[in-house]
Amino acid sequence: MMPKKIVLTPFPFTDLSSTKRRPTVVLSNRKPNSSDVIVAFVSSVITANVEETDFVLEFNHSDFGLTGLRKRSVLKWINWQH
């Protein structure tokens, strides 16, 4: 899988009873000969306060049709504080 490609990935429900296929963007596939990749969740829920670290995928962008997404979407960077 190539970085920057948007793919559907099965995400488990919190109770692990099932999964739902959700769009993700491939960030890295650094391990040669491995099926492991690093992906980022894509959401069509865009809050009023878009952070400077968020990347909004606008549906009016000339390449939006290449993404396979149906709605304006966002990649969110989440900074986990310990």
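Predicted model: local features only at pLDDT ≥ 70, side-chain atom pairs only at ≥ 80, totals over all residues.
What share of the contacts in the protein chain with a separation of 6 or more comes from residues 24 or more positions apart? The figure is 30%.

The mean pLDDT of the protein chain is 83, and 93% of its residues reach 70 or more.

The protein chain has 82 residues, and 23% of them count as buried. Its C-alpha trace spans about 35 × 30 × 25 Å along the principal axes.

Now the secondary structure. How many helices and how many strands does the protein chain have? There are zero helices and five strands. Reading along the sequence, the pattern is therefore β-β-β-β-β.

The five strands form an open sheet, and its order is S1-S2-S3-S5-S4. The pairing is antiparallel. Which strands are at the edges? They are S1 and S4, each of which pairs on one side only. Neighbouring strands of the sheet are turned by 40° against each other on average, with direction ignored.

Let me go through part of the sheet from the S1 side. Strand S1 covers residues 6-12 and strand S2 covers residues 19-28. The two run antiparallel and are joined by seven bridges. Two of the facing positions can be named. Ile6 stands opposite Val25 in S2, and Pro12 stands opposite Thr19 in S2.

S1 and S2 make a hairpin with six residues between the strands. Leu16 lies in that loop between S1 and S2. Leu16 has a positive phi of about 60°, although it is not a glycine. Is Leu16 buried or exposed? Its relative accessibility is 67%, so Leu16 counts as exposed, the cut-off for that class being over 50%.

The next step across the sheet is from S2 to strand S3, residues 38-43. These two strands also run antiparallel, and four bridges join them. Here Val26 stands opposite Val39 in S3.

Leu8 lies in strand S1. With a relative accessible area of 48%, Leu8 is partly exposed. Leaving aside residues up to four places away in sequence, Leu8 touches Arg21, Arg22 and Pro23. Leu8 and Phe41 are 33 residues apart in sequence, and their C-alpha atoms are 9.8 Å apart in space.

Phe41 brings me to the aromatic rings. A pair of aromatic rings is described by the distance of the centres and the angle of the planes. The count here comes to one aromatic pair. Why is the pair of Phe11 and Phe41 called edge-to-face? The ring centres of Phe11 and Phe41 are 5.3 Å apart and the planes stand at 85°, so the pair is edge-to-face; the cut-off for that class is over 60 degrees. Phe11 is in strand S1 and Phe41 in strand S3, 30 residues apart, so this pair links distant parts of the chain. Phe11 counts as partly exposed, at 27% relative accessibility. Phe41 counts as partly exposed too, at 39%.

On to charges. Side chains of opposite charge can pair when their charged atoms come close. The count comes to one salt bridge. Which residue forms a salt bridge with Glu58? The partner is Arg72, and the closest N and O atoms are 2.8 Å apart. Both residues lie in the loop between strand S4, 55-57, and strand S5, 73-75, with 14 residues of separation. Glu58 is partly exposed, at 31% relative accessibility. Arg72 is partly exposed as well, with a relative accessible area of 32%.

To recap: five strands form an open antiparallel sheet, the aromatic pair is Phe11 with Phe41, and the salt bridge joins Glu58 to Arg72.

Methods:
Residues numbered from 1 in each chain as written. Heavy atoms only, no water. Salt bridge = Lys/Arg side-chain N within 4 Å of Asp/Glu carboxyl O. Buried < 20%, exposed > 50% of the residue type's maximum accessible area, 1.4 Å probe, protein only. Pairing = 2+ DSSP bridges. Axes fitted to C-alpha atoms, helices over the stretch in contact; angles between N-to-C directions. Phe/Tyr/Trp six-rings, centres within 6.5 Å; stacked < 30°, edge-to-face > 60°. pLDDT = per-residue confidence, 0-100. Contact = heavy atoms within 4.5 Å.
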